[in-house]
Every structure is written in C-alpha cells, then in structure tokens.
Amino acid sequence: MKVEMMKERFAKLLLGEDMSGGGKGVCTALAISNAITNLSATVFGELWRLEPLAPQKRAMWRREMEWLLCVSDSIVELVPSIQQFPGGGTYEVMAMRPRSDLYVNLPAIKKLDAMLLSMLDGFCDTEFWYVDRGIILGDSNENEGFMSSGRPSIRQEEKWWLPYPKVPPNALSADARKKLQQCRDCCNQILKAAMAINSSVLAEMEIPRAYMESLPKNGKDCLGDIIYRYITADKFSSECLLDCLDLSSEHQTLEIANRIEAAVHVWKQKDQKKQNNHVKAKRSSWGGKVKGLVSDTEKNHFLAQRAETLLQSLRHRFPGLPQTSLDMNKIQYNKDVGQSILESYSRVMESLAFNIMARIDDVLFVDDATKRCAAAESVSLFSRGGMGGVPIQKRMSPSPFSIQQTPYASPLATPTFCSSTPVIGSPGRTPLCVKRNIVKEAPDVKSEKINAAEFERVWSYAGSLSSRRSTGDAPERD
C-alpha cells in the first residue's frame, strides 16, 4: 500500500501535476512546493484544539515528508577534502556534501517540526476542554456554567467552526497555566526561527523576469503622486511618511508595500542601465552628456535607498504582513528545487507554530475571563438598567482574537499558503496580518465599562492575525 502511494506521489511530481501527460505541468520546484503545502493543509488544516495529533495523521506527515525531502539528498556540492594514502601521506580530493543552504537550514527546520509535534503530544489529560459550537448541552447545570464564562454564539459570526475552550469554575491551576505559558513562549521562538529561515530563502531567490517586465517605467507611476512627492522631498523621514498614509486595513497596507517594492526595483534597474551607459560613455566622445548620466545615476540610487528604508520601516511596523507580489512571483517562477523545499517547509512550520499559539491564547483568555468573573461575583455584572442578561465587562485582559486589541485597525488577512491550487504555486504568506516579531501585550482597556457591542467584539475571533510576523497576541492562520 505504501509503495503504491509513493508511486502516485512521485508520478504527480514527475508530471508537474499535469495528469494528462501533455507537458503542460509546472516545474519540479513548484510541484514539490505545492505538495508540501497541500500535505500540511491535509494534516494540520483542522488544528482547532490543543490535543495530540491523531496517529494516522502523524504517520502520514512523517511518511510523505520523508518521501518529498529525499529529493534533497541528491542536491550536493563539491568541497575540498583531505584523505590519507594507505601507506601514509595525504592528498586533496573533492568530496560531495549537501548544498550549503540545505546543509544548514534543513536540519534546523526538521528540529522545529519535531518540537511542535512533541508540544502537541504534551496536551493530554489537560484541565481545560472544548465544547463544539451549535451543540445544545443536555445538562442544565453545565449549560449554566457554559454561559457564565462566555457567550457561546458570538464567534459563530466569524470563525464559527472553532470549538469553545472551557476551564474549571475556579480557573486553571497555577501549574497548568504556567505550562501553557511556557509552551506559548517556546512556540514563539519556533515561529521566529521559521520566519527567519523563510525570509532568508526568499531573499536568495532570483527576481523573475516576468515580475520586472510587469513593472511601470518610472517610480512615480509605482508610488503615486503623494508618496512620490514625500520620498523625493529634501527632508525625508520614513516613520513620518507612514504616519501620513492610510494603513487601516491589511489590503491597503499590502498594496502600499507592493508599490514601494516595485519602485525600488524600477529605480535599481534604471541605476544599473545608467551605470552601463556611463561606462560606455567613457570610451566615446560624449563630452558634457557624461555629467548628466552621472547625475541621473546618483539620483536613481538615492531614491532606491529611500524607498528601501521606507519598505523596511513598513515591515517593522507590520511584522505580520503577508507575502508581497514579488515574494509570490519568486515562489511561482522559482526553478531551484532546494530553495523550494526550504521555503515551503519553513512556511508550513511557521503556520503550525502560529496556530498553536493562537489556540493557547484562546485558553488563556478564557481562563482570565473566568478568574475575573469569579472575583467579581459580589458585584452585579449581569444587570444594566433593566437590560437583564447583557454582561458588563470590567477591564478584561486583551483578547488574543479581538481586532480591537490589535496594534492595527484591521488584522492582516490569513495567508493563502493552505491553498490547494497547484498551478499558481505556494500561496501568499499567511493570510493574516500578523508578522515577524513579538509584540508586547496590549495595554489595559482605558474605559471601565464598555457597551454590549464592544463586549461581543472582545469575544469574537478576528478573521486573521493582526501582525505575519508579530508573534504577539493575535489570531491564527487558518
């Protein structure tokens, strides 16, 4: 049975996912990237609870990843090696070893993989449990307890498929909460490591010619009048410019990032062409024209540097920003199988780590709410001038899945890396809007009381993370 499955998988890879055999399939690199992405979606796509992975899914993940990664064993490079003659003396020969990027990064990603699965295995016999949405509990006492710790129907508006975490009436024990927090901290470090590997691999990929050909002919067309005017001004501050831009949504922020990145490459391309022309001009009798070429070259280089600074500031402010158009083009047109393996493997590990963190945040948030409800039992939190049943929330800790408590007005969209579309290639980075550095917990809510609509938002799951690379309190990548 395993042999037949392996034959089927490798047949798809060799055909480039074109089962007609007509030669219209994708390249091997993209086929492997899609295979790893789709396998991850199959195994981890329904990670809705903190519990050990099912034995069948674990075996499937291990078995098929071993098949896909075995390709990397044949990606080697020659390095000098000293060997000894039988009778004494030494001589230098060229020995084969895994290519340097695979030699360094692939074992690291495998280690992150093992750590995450081991972490899931530790969530057995826990003090918390889950209640499926939409199921009416027969026990009236339990129903009562369920309603006391939260409102079960609110999240159905967004992520209605996620089960509701439950904790004991007296909240989690100190040891159980400490263990959860330690798991979250560890997961956070794993997430940062996976993101660092993924970013470095993407940076090493060649810029596709199709992307360069699709760019406008000048930077002003890329940026628009407003950003172009600011970026060419005598005094320039990337932070001040970002403060003036509308970054209220993930779509708007990603659009601006794409425009800035496009302008960077337009100016770099012009700079390179002008330098080449300048070298040719030195060998001809152009006279005064050379001075103009030098001036234009310096200007393009200067503007490219400013645009790069602005892009770095934007990514720092929104560390969880999804993949840009350039990143997705790199994945789609990449021909290097080794880079494809590293990029897709690190990306799915990043997604898994983020989802585990989100599930832990869910439990911690419910635990905080339970503690506060227990502490406020002497005060009537469930009455407000005749509006019985509408709870009044007092200084609740920030919800990990609330848009209101995120640093940005709207969370970044969940990446499409779980997409099963084979031809387009690996998806854009996590749907989210969350990114790559850990954010500190949001400050306490200033107002002592919030209205019922705000209370519902606190208990609702955001459609996606609020920061790809901030590993702070944010939703998950589903």
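This is a predicted model: local features need pLDDT of at least 70, side-chain atom pairs count only at pLDDT 80 or more; totals for chains, interfaces and linings use all residues.
Helices and strands here are DSSP runs, numbered from the N terminus.

Ala171 sits in the loop that links β4 (164–166) to α6 (174–204). Its backbone deserves a look: Ala171 has a positive phi of about 75° although it is not a glycine. Most residues other than glycine have a negative phi. Is Ala171 buried or exposed? With a relative accessible area of 7%, Ala171 is buried, because the cut-off for buried is under 20%.

A second case is Asp125, in the loop between α4 (100–121) and β3 (129–131). Asp125 is likewise not a glycine, and its phi is positive, near 55°.

**A hairpin**

Strand β1 (residues 76–84) and strand β2 (residues 90–98) run antiparallel and are joined by 9 bridges. One place to look along the pair is Val79, which stands opposite Ala95 in β2. The hairpin has 5 residues between the strands, and there Gly88 takes a positive phi near 110°.

**Two helices against α14**

Two packed helices are described by the angle between their axes and the distance between the axes. The table gives these values for two partners of helix α14 (residues 337–375).

| Helix pair | Angle | Axis distance |
|---|---|---|
| α4 and α14 | roughly 25° | within 10 Å |
| α6 and α14 | about 155° | 8 Å |

For α4 and α14, the axes cross at roughly 25°. That makes α4 roughly parallel to α14, because the angle is under 35 degrees. α4 passes α14 in a left-handed crossing. On the α4 side, the contact includes Leu102, Leu106, Ile109 and Leu116, while α14 contributes residues including Ile341, Leu342, Tyr345 and Met349. Charged residues take part too, among them Asp101, Lys110 and Asp113 of α4. By class, the contact of α4 with α14 divides into 14 nonpolar, 4 polar and 3 charged residues.

How does α6 lie against α14? α6 and α14 pack at an angle of about 155°, with their axes 8 Å apart. That makes α6 roughly antiparallel to α14, because the angle is over 145 degrees. The crossing of α6 and α14 is left-handed. In this contact, 19 residues are nonpolar, 5 are polar and 10 are charged.

How values were computed:
Residues are numbered from 1 along each chain as its sequence is written. Side-chain values use heavy atoms; hydrogens and water are left out. Two strands pair if DSSP finds at least two bridges between them. Helices (H or I, at least four residues) and strands (E, at least two) are DSSP runs, numbered from the N terminus. Buried means under 20% relative accessible area, exposed over 50%, partly exposed in between (1.4 Å probe, protein chains only). Axes are lines fitted to C-alpha atoms, for helices over the stretch in contact, and angles run from 0 to 180 degrees between N-to-C directions. Angles under 35 degrees count as roughly parallel, over 145 as roughly antiparallel, 65 to 115 as roughly perpendicular and the rest as oblique. A crossing is left-handed if the near helix is turned anticlockwise from the far one by less than a right angle, and right-handed if clockwise. Contact means heavy atoms within 4.5 Å.
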